[in-house]
Amino acid sequence: MNSKVIAVHLSLCAFTSAVAEPLQFNRDIRPILSENCFACHGFDKKERKAKLRLDTAEGAYAEQDGVAAIVPGDPRASLAWELINSTAPDEVMPPPKSHKKLDDDEKALLKRWIEEGAAYQKHWAFERPVKSAGDGIDHFVRSALPSNHLKPSQEADRPTLIRRVSMGLTGLPPAIAEVDAYLADQQPGAYERMVDRYLASQHFGEEMARHWLDVARYGDTHGMHLDNERQTFAFRDWVVESFNNNLPFYQFTVEQLAGDLLPEPTQSQLVATGFNRCNVTTGEGGSIAKEWIFRYAVERASTTAQAWLGLTAECAVCHDHKYDPITAKDFYSLYAFFYSNADPALDGNALLTKPVVKVKPPGHDAKMAAFAERESAVKKEIEDLAATIKYEDPAEKDPKPPVAETEHVWFEDSFPQGAKVGTSVTPQEFVSEPVASGTKSVKVKGRGMAQIYYEEGAKELVVPVSGKFFLHVYNDPKDPAEEVMIQFNTGAWAHRAIWGKDIIQWGKAGTGERFPAGDLPAAGQWVKLEFDAASVGLAAGAKVKGFAFTVHGGAAYFDKMGVIGSTDPSADPSQSFAAWKNALAKKERDALPKEDAGLLRHYLAKVYNGTQETFAPLDAKLAKVNEERKALDSATPSSFIFRDLAKPRDAFVMTRGEYDSPGEKVVPNTPAVLPPLKKAGEHGNRLDLARWIVAPENPLTARVAVNRFWQQMFGVGLVESSHDFGTQGSMPTHPELLDWLAVTFVENGWDMKGLMRLLVTSDTFRQQSAAPSESWSADPGNQWLSRGPRFRLDAEQIRDQALFVSGLIKLQMGGKGVNPYQPPNIWEPVGFGGSNTRVYRRGNGADLYRRTIYTFIKRTAPHPLMDNFDMPNREQSCIRRDRTNTPLQALQLMNDVQHYEAARAFAAQILAADPNTPARIEFAYRRALARGADAEEVAMISQFVDGQLARYREAPEEAKKAINFGDLKPLESVDEIELAAWTLAANLILNLDEAVMRN
Amino acid sequence: MNPLFEQQLLQTRRQFFGDTGIRLGGIALASLLASQDRSRAGSVVHPSLSDLPHFAGKAKSIIYLHMNGGPSQLDTWDYKPDLHKQFDKALPKDFLGDRITTMTSGQGTFPVAPSKYTFTQHGQSGRRVSELLPHTAKIVDDIAVVKSVYTNAINHDPACTFVMTGSEVPGKPSMGSWVSYGLGAETNDLPAFVSLVPNFPKGSNAQALYSRMWGSGFLPGKYSGVVLRPGADPVLYLDNPPGVSPADRRAMLDTLGKLNQRGFAKFGDPDIQTRISQYEMAYRMQSSVPELTDLSQESKAIKNLYGERVETPGSFTRSALLARRLVERGVRMVQILHRGWDSHGNLPSELGNQCLDTDQACAALVTDLKQRGMLEDTLVIWGGEFGRTVYCQGKLTRERYGRDHHPRNFCMWLAGGGIKGGVEIGETDEFSYNPVSDKVHINEINATILHCLGINHEQFAYRYQGLDQRLTGVEPMNVIKKILA
């Protein structure tokens, strides 16, 4: 409601009542001045006209050239009053070009205020809240009713109350058993006991969290350009848990804003800092880094100010705030808290943009410790085994052993230990016939190119001095390959020897990348092929990470492959400990055991080629431990966290809000109009900021918080503009109540559950919402609370209710967002080609029926449910949702497969509940609305059902279609005609105004 | 004025705008009551604000053809014959400035790439048009070309947000939302604001669209554009479930309506009446939308005018014809968002296909509207979110070149309702790098659009977060008088 209109309204009441109470500046006058005058005569120095400010008494009373704008008690002597009433276009205030105009009522109020002494008040929200006389919600609400000519309503009936409480606290309707239990409880305190059951439910956290996630602008994608997936759902789950654990609001605040700066922060405190990583970020090529660092800090400072202080600080990005006493310097000082962010300007379109934290489930550390234990046990076995090996260094023999030709076999019956073998085109097989050596060969076959290869997993193979490679090939006589190839990987696949036709278009001809080693081997016999290592570009000492056997246009068998090289045992690192030790680079050496005995054991276990076979089983055991550990590790999600750079960035006032126009330098600080910041160190940091926000002397935080919770339960805040507590925001309808709640909240240790309990157990909350039309026309928004709250359910509640009532709901909590039913072409037409969220891949089974808080949020193409039912797309913080009423909502609730399938599951339950139509309708009403149906309702719905039964009896094939919409299969035993008719009836009931409203 | 009267007004406002906190500067209270009477009568589903239009505007509706990705002004409208002499020469440093995307800022050189296309003169105005737009060339006397539009953003996401919401920061309402909020619509059977998202040529470099381009931002959600989708289901959830006939739905709605009326008698909440009427609107849309998309009554001549792809669902051509049909039925704003105009690399091939996909239908739309006498009160706008650089991105030959983003000047055209045909304003320098006359900010285009609708853009405000928010932002913006009829 327009604060101006409220003011006028109040004054009208004042005029009509017998005794006019004195005007109050904040309530009656400030809204008029703020709307019409402050833009030019307010706080913003640059815009100020005629050196006059009207937002302070000093400014307004000051004489210039012998006249003052306002002379207390004397409108005629006040220049402002004269100009307001002027008829000259160049003189009248506000000037015509401002498009502002004072109406007669506003003028009358101003005149009266001057006559009464033109007293000023500091803006109410910047004064610390104090408890005034009176106690409890109902006291303050009741005392405001008479002056508004309103009377309180009686208490709502129990079914209405339990649904209101259950929906409000858990976002789910009550189960029939819960309703029955409540109806049966005739002892005093039944209502409170019912409330306490819902407060204790784990679904309390989910319902509370979704409101805060709007504030936190939580989404599952980055939000800009590619709009790729972002993994930070642990933050969402943290919010749910925090409400369920009833984390005090001060702690809730400090952990989100500065959890990383707490001493030895826990994992959960780090996850909490994800709050300020939830903003949209870009990874768009071409972006200017400086600009985005600037924007993120602006966004985070604005969101923090908005969420906790109810201040629309971003106005001061470009200039001093026109209405609120927040200068550009104030804003950039706040921004400075966030400007040294460690996260990058461009998110890299990555799932995880650093800094992130691993979100370890309970028991994770124990599992990792077990891996470490197993690892050290195997390592000890290796050490022990190495200690038993007798080794003589050839370099220390006298005489030294001669230089010898040595054969190193790289492939025999299998690829080297640990190799991750892959194939192209088709799977390739190891066979036992034909075989050139050992027990197996590998057959490689393809109509085009085909290969078997590995490039990771095994130890590197070292090419010896004067290396000459050999391999055995049997070209299949029935289907001979046209080309045979061997390839080596040394980081890249850049070494190839080929025999036969040069068909495969890889590598540059005339280099080692594509070396023609000879003719195609004759078919039907084993041929030993040989080539110099140098001819494929492999020098002595080259490290081979993998190799491949390749054919084209046929089949060939490959067997025993290796390299023959000349070796000087006393100079060969794979034979001589001394030679190896001397060749170690410093970095390598530093990582190894210091003393020689340990170093030798390492050598024998890992390097010496005489013992590698001995250690192979233990190596395999070690590899397995590491693989399992890696699997567990990669299955553990991470979450975005907020950190500062080690060296902070200097922050400046950015002239006109332009990222490349730095002005005055600023340090982290809070707005001057509010209490001063207490710094723990030399410079303020986010922890100081967070503590300042929840300090008892901060006039805003507790008020803003209790008002938001009030809005959540009553539909509208005591300050209607719950996002704006500044001078442009609405005045509180019940200022004393707001302050009483704020002070009580802080006194009770910022106990959020306690506050919710206080709200819902008030008589005010328990009033019935049904009222005669005079009540609705007297107070359409129910700001004076003469009725119980009645408003449309939110998007999530509507879907969750349908799923709950139908019994389809899956109440599993937390984890990665899921993709339920969604019409085709929501993501695809808007998605960028390279985006990993371009194609919507619907989930199955439980994914279709999880609570809506767990639906994956793609911010540039939100789910139509969110779009249609006013859920924000989470691009920016949202403190208060709209509640619209549109035809698209009607279409969705009637026709969406999610809702129609739920209606069918609901219908199946209705059929099972009772064979009689009236009893079925009674059941359906109790399940959906918590109340029974009256006779007229039973009659109307019975008549409808009868009509549908007749219609489907005539067209049973239509009935069949109607009950097969959606993944859920109908029970075979069910009467299809009945189910189809009752499905539409269930659809009707779920579409009742009463069903989509909290009554 | 008495308190009861005052309270009735409040009630009206609440019903009227939904449950939201609406603060609009300077609405005359009496006229609010008038709009209440209109909505009560049930004759107007989308009423206008009572103080709108501010004056008699020439345009009643808007068709906005948005070429998403940034069409090259140098290869379409901004004729620079002398650039051939500059082929492959470096763009002088004085021109370059420092706000260059990092896609080309790392390039050592900025060689000039003249357009490979021939520009010939057309119409009585003798307007030069690129050979890529042979059909649009035939309507040059009906359109006003602005060659000097500029924007603040250099990347797609912020620039698209800017052109459609008047700000590069997400969260503001789209133009269509503003317009349907202000003016409502003249139909009871269709939404006030409709978006079409057609297919686009394969192989083009397609940038994303963002739902905020038709979203309602901080305005109530009912002002969001309704996306008419290309496939079988043009409005989401329009079709009844299988096995549910229109008669079944009618029967269900009859019972639902009666039960909801009883609910109204019980609760007294006026919102229940709104819900009843929205369910009825939904039912009407179930027939009005299929009627809209059924082109069987369109003559062969009209189909030929638009081109053969008019029969292809999801084509730009079909979307253009649908746009006319929507406006004909009283829809306030139609937006066609055509993707694929981001020609960084092989511009001639990509841009050629983009023009081929859209040129005939754009011209046909204007011609069709004119033939029916609808062009007088329908404002058509064509443009992208920015232009493209004169210097080449990537490999440069006479035949093949690419162009980076260029926010400093680009071309848009406007036609119909309130716009003077055959006009061209805004010269650019010899490199089409900066405007030298009649510089037009993108929000001045928006101010002009509002002006054509009879809206003073400075007075058309919505109070949100302490500011009188406007489509055209807080900086002063002027209506482009030179192109007004």
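Cys392(B) counts as buried because it has 25 C-beta neighbours inside 10 Å (20 or more other C-beta atoms within 10 Å make a residue buried, 12 or fewer exposed, and anything in between partly exposed). Keep in mind that this is a predicted model, where local features need pLDDT of at least 70, side-chain atom pairs count only at pLDDT 80 or more, and totals for chains, interfaces and linings use all residues. Residues are numbered from 1 along each chain as its sequence is written, while chains are lettered from A and ligands numbered from 1 in the order in which they are written.

**Around Cys392(B)**
- You'll find Cys392(B) in strand E9 (residues 387-392) of chain B; strands (E, at least two residues) and helices (H or I, at least four) are DSSP runs, numbered from the N terminus.
- Leaving aside neighbours within four places in sequence, Cys392(B) is in contact with Pro111(B), Ala113(B), Tyr401(B) and Gly402(B) (contact: C-beta atoms, placed from the backbone, within 7 Å).
- Ala90(B) is 302 residues from Cys392(B) in sequence, yet their C-alpha atoms are 9.8 Å apart.

**Where the chains meet**
- Chain A puts 92 residues into the contact and chain B puts in 76.
- H6(B) gives the largest share of chain B's side, 11 residues.
- That side of chain B has 29 nonpolar, 30 polar and 17 charged residues (Ala, Val, Leu, Ile, Met, Phe, Trp, Tyr, Cys and Pro are nonpolar; Asp, Glu, Lys and Arg charged; the others, Gly among them, polar).

Terms used. Contact = placed C-beta atoms within 7 Å.
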